[in-house]
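User: I am new to this structure. Please take me through it in short steps.

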Amino acid sequence: DDAIRGKEEAVTVFELIQVRDVQALAANLKKDHPEERRRTVEVLGQSRNPAALPYALDALEDRDEAVRVEACVAVTRLSSVDHPVTLDALFRSLKNEKSQRAISAQIGAIGKLCTTDRILGLETFLESEHDRVVANAVEAIGRVKDPRCTDLLVSKLASKNNRVKANAAMCLFAAGHLEVIDVLKPMLMHSDPLMRASAAFAIGELTLLAEKERLIEEWRTRAPAIKSFLGDLQECVPMLVGLLRDPEAAVKRQAVIALGKIKDRSAVLSIIDTVDLERDSKEMIRDISEALRSIGSHKLVREVISRLK
């Protein structure tokens, strides 16, 4: 029995270990109702049974968009990384796909499963007219640590789309380009709330991507760059604290989450002060509580705010 949020009593939780009769379940993929096929693909993806993979790959060609999107999720769960049959199927379906939603899902699946230069097959999607597709392509290509991939993303730092710009900055930072924080800082003051929210998220992620040991090791050869990055990161703290008063809830939330990742104790009082029970959602209160726990605030403070939700 486990404690479930929103429930006072303990709830018995059952874990799906494996679906045994995959063939019988997959028979539902021939049904006419698309929602039934979508739910079947979802269960196949959660089955933890490798025998379900061929059926999930076949579903990439389903006539219904929602089924094809669900198939991408299922495939990422069932396939091993760099599995040639899986990647062949994903690239093939991507070539013929017309739905932007499905294209985005297929690119996301390829990004999670491909770690070789085959990822360069997504290069053309960096020039898509659809920002969601471009953002997913940036994220997918950026996962592969290859200079050719990194070079493709540099121009995306100038994108006018918040997610494309932030994704490019995070990918380039992971590849060792510490200077991208200079791109993110001005975004914190942008007039577009989506830019502010994306910048806050990305800066928080940089602190997770930054490897302390690597920074220490590189200090001898890249001291100016390391010092500049650490100084810029510290400079972001008061800027993020300022966003705690942002009129847009999404911006405030990302600022809270970012400060929790940065773990600067000077932000604790500001985070506490920003709690607004009349306007803050339960999710916001939860994020504030998690940020304070991450930073290491006083136990009493954490417990009081946690109870407020």
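User: Which helices each supply at least two residues of the lining of the largest cavity?

Analyst: This is a predicted model. A search of the whole structure finds one cavity of 30 Å³ or more. Its lining includes Ile141 and Gly142, and also Cys149, Thr150 and Leu153. Residues 131-142 form one of the two helices asked for and residues 147-153 the other, so the names are helix 7 and helix 8.

User: Which helix gives the most to that lining, and with how many residues?

Analyst: Cys149, Thr150 and Leu153 are among the lining residues, and helix 8 spans 147-153. The top contributor is helix 8, with three residues.

User: What is the volume of the largest cavity?

Analyst: The search applied a cut-off of 30 Å³ or more and found one cavity. The volume of the largest cavity is about 40 Å³.

User: How are helix 6 and helix 7 oriented, roughly parallel or roughly antiparallel?

Analyst: Helix 6 covers residues 100-113, and its axis lies 8 Å from that of helix 7. The two pack at an angle of about 5°. Angles under 35 degrees count as roughly parallel. Therefore helix 6 and helix 7 are roughly parallel.

User: Which residues of helix 7 meet helix 6?

Analyst: On the helix 6 side, the contact has Gln100, Arg101, Ile103, Ser104, Ile107 and Gly111. The residues of this contact divide into five nonpolar, four polar and two charged. From helix 7 come Arg132, Val133, Asn136, Ala137 and Ala140.

Note on methods
Residues are numbered from 1 along each chain as its sequence is written. This is a predicted model: local features need pLDDT of at least 70, side-chain atom pairs count only at pLDDT 80 or more; totals for chains, interfaces and linings use all residues. Side-chain values use heavy atoms; hydrogens and water are left out. On a 1 Å grid over the protein atoms alone, a cavity is a set of points where a 1.4 Å probe fits but cannot get out, and a pocket is an open set with protein on both sides within 12 Å along at least five of seven lines; lining residues have an atom within 4 Å of a point. Grid points are joined across faces, edges and corners, and a volume is the space filled by probe spheres set on the points. Helices (H or I, at least four residues) and strands (E, at least two) are DSSP runs, numbered from the N terminus. Axes are lines fitted to C-alpha atoms, for helices over the stretch in contact, and angles run from 0 to 180 degrees between N-to-C directions. Angles under 35 degrees count as roughly parallel, over 145 as roughly antiparallel, 65 to 115 as roughly perpendicular and the rest as oblique. Contact means heavy atoms within 4.5 Å. Ala, Val, Leu, Ile, Met, Phe, Trp, Tyr, Cys and Pro count as nonpolar, Asp, Glu, Lys and Arg as charged, and the others, Gly among them, as polar.
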